[in-house]
Amino acid sequence: MKIPNKIKLGVDEWKVEFDRLEGSENRRASTVPEQRIIKIDPNTNPQQQRAAFIHELLHVAAMYTGGRNRPDDKFNEEEWIERLAPVLTLILEENKHIFNS
């Protein structure tokens, strides 16, 4: 999977940038909702970059579904994404024929 430089979701367009993440040694990517930007650390290997991209796409999806961390329920966005992202990444990598038609 090649990481695009932008993605479209409805009427919105999100930029994807490769940029060193400031202030965090553990993170491989981050989402900046106010600017509609997904940032990916270029110092990670391609497999980590793809996994981080999928992870951040799920954060974007959570924003559009109203599934952000809400104090009134037990939904934890980061926990949900940590579980779902590896499975979705595997599905996308092992089924490229579905998306290339």
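The model is a predicted one. Its chain holds three helices and four strands. The order along the sequence is β-β-β-β-α-α-α.

**Overall figures**

- The chain has 101 residues, and 30% of them are buried.
- Among contacts with a separation of 6 or more, 35% link residues 24 or more positions apart.

- Strand β1 covers residues 6–9 and strand β2 covers residues 12–18.
- The two run antiparallel and are joined by four bridges.
- Lys6 sits opposite Lys15 of β2.
- Two residues separate β1 from β2 in this hairpin.
- Gly10 lies in the turn and has a positive phi of about 65°.

- Strand β3 spans residues 29–32, and strand β4 spans residues 37–40.
- Their pairing is antiparallel, over four bridges.
- Val32 faces Ile37 of β4 across the pair.
- The hairpin has four residues between β3 and β4.
- Arg36, in that turn, has a positive phi of about 55°.
- In a regular strand, side chains alternate between the two faces of the sheet.
- In β3, Ala29 and Thr31 point one way, while Ser30 and Val32 point the other way. All of these residues are buried.

**The sheet**

- The four strands make an open sheet with the order β1-β2-β4-β3, and its pairing is mixed.
- β1 and β3 are the edge strands, each with a single partner, so one side of each has no neighbour in the sheet.
- From one strand to the next, the twist averages 20°.
- Helix α1 packs on this sheet and touches β1, β2, β3 and β4. The direction of α1 makes about 25° with that of β3.

**Helix packing: α1 and α2**

- Two packed helices are described by the angle between their axes and the distance between the axes.
- Here the axes of α1 (residues 46–65) and α2 come within 8 Å and cross at roughly 125°.
- That angle makes α1 oblique to α2.
- The crossing of α1 past α2 is right-handed.
- On the α1 side, the contact is made by Arg50, Ala51, Ile54, His55, Leu58, His59 and Ala62.
- On the α2 side, the contributors include Trp80, Ile81, Leu84, Ala85, Leu88, Thr89 and Leu92. Glu77, Glu78, Glu82 and Glu93 of α2 also take part.

**Thr89, in α2**

- Thr89 belongs to helix α2, residues 77–94.
- Its relative accessibility is 10%, so Thr89 counts as buried. The cut-off for buried is under 20%.
- Leaving out residues up to four places away in sequence, Thr89 touches Ala51 and Ile54.

**Ile3, ahead of β1**

- Ile3 lies in the segment before β1.
- Ile3 is buried, because its relative accessible area is 13%.
- Beyond neighbours within four places in sequence, Ile3 contacts Val16, Phe18, Ile40, Gln49, Arg50 and Phe53.
- Ile3 and Pro46 are 43 residues apart in sequence, yet their C-alpha atoms are 9.5 Å apart in space.

Notes: Residues numbered from 1 in each chain as written. Predicted model: local features only at pLDDT ≥ 70, side-chain atom pairs only at ≥ 80, totals over all residues. Heavy atoms only, no water. Buried < 20%, exposed > 50% of the residue type's maximum accessible area, 1.4 Å probe, protein only. Contact = heavy atoms within 4.5 Å. Pairing = 2+ DSSP bridges. Axes fitted to C-alpha atoms, helices over the stretch in contact; angles between N-to-C directions. Parallel < 35°, antiparallel > 145°, perpendicular 65-115°, else oblique. Left-handed = near helix turned anticlockwise from the far one by under 90°.
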